[in-house]
Amino acid sequence: MYWYLFLITETCGNFSVCSGRHMNRKSFRKTQKTLIIEFAKFPQPGYVKTRLAVKLGNESACRIYNSIAQKTHYELLTLQEQGIAQVIVYGDGADRKSISRWLKDSYDVWLQPHGDLGHKLEYAFFRAFKMGFQTVLAVGTDCPGLMAEKIQEAIEQLFQATSGLAVNQ
């Protein structure tokens, strides 16, 4: 199982990868506005985990996906509750109200535009930076092994490098 974490920060109004090394951790927690964009597909049989559904059936694959998505969402909300980052569910496959009822307690729900993953990432990061967030992470809900501690560690590591991409096997 793989999970991907994209880290991008903004300085001086430029939407580019940059370094956060000039801030120490204490000032980071007080001044940095961090957002986690949680990519999520609304769980509908035949729409999620389609390769898994070939062997298990659409209903079973959908239940598995829902369980994984809820676990990932719980881990991300842990960071929101600790004041480390805000979580926005970036949903697809349903309206905002349905997604809000499914993945509860996030800061907000945005709907994904049509297009490929690159377009969706670009739109989400641009929107987040426009709202004033300075550090933005994108995380998929299909990450059963992802723990809040790893995301927090990634946020802190961002200030020792210019960018990051984490892949876990």
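Are F39 and Y90 buried or exposed? F39 is buried, and Y90 is buried too, where buried means under 20% relative accessible area, exposed over 50% and partly exposed in between (1.4 Å probe, protein chains only). This is a predicted model, in which local features need pLDDT of at least 70 and side-chain atom pairs count only at pLDDT 80 or more, while totals for chains, interfaces and linings use all residues. Residues are numbered from 1 along each chain as its sequence is written, and side-chain values use heavy atoms, leaving out hydrogens and water.

Fold
- The protein chain has six helices and six strands, taken as DSSP runs (helices H or I, at least four residues; strands E, at least two) numbered from the N terminus.
- Their order along the sequence is β-α-β-α-α-β-α-β-α-β-α-β.
- Of the 169 residues in the protein chain, 43% are buried.

Aromatic pairs
- The structure holds six aromatic pairs, that is, rings of Phe, Tyr and Trp (its six-membered ring) with centres within 6.5 Å; planes under 30 degrees apart count as stacked, over 60 as edge-to-face and the rest as tilted.
- F39 and Y90 are edge-to-face, because their ring centres are 4.9 Å apart and their planes stand at 85°.
- This pair joins strand β2 (residues 34-41), which holds F39, to strand β3 (residues 86-92), which holds Y90, and the two residues are 51 residues apart.
- Y65 and W102 form a tilted pair, with 6.2 Å centre to centre and 35° between the planes.
- Y65 lies in helix α3 (residues 58-81) and W102 in helix α4 (residues 96-102), 37 residues apart.
- Y65 counts as buried at 4% relative accessibility, as does W102 at 11%.
- Ring pairs also link F39, Y90 and W110 into a cluster.
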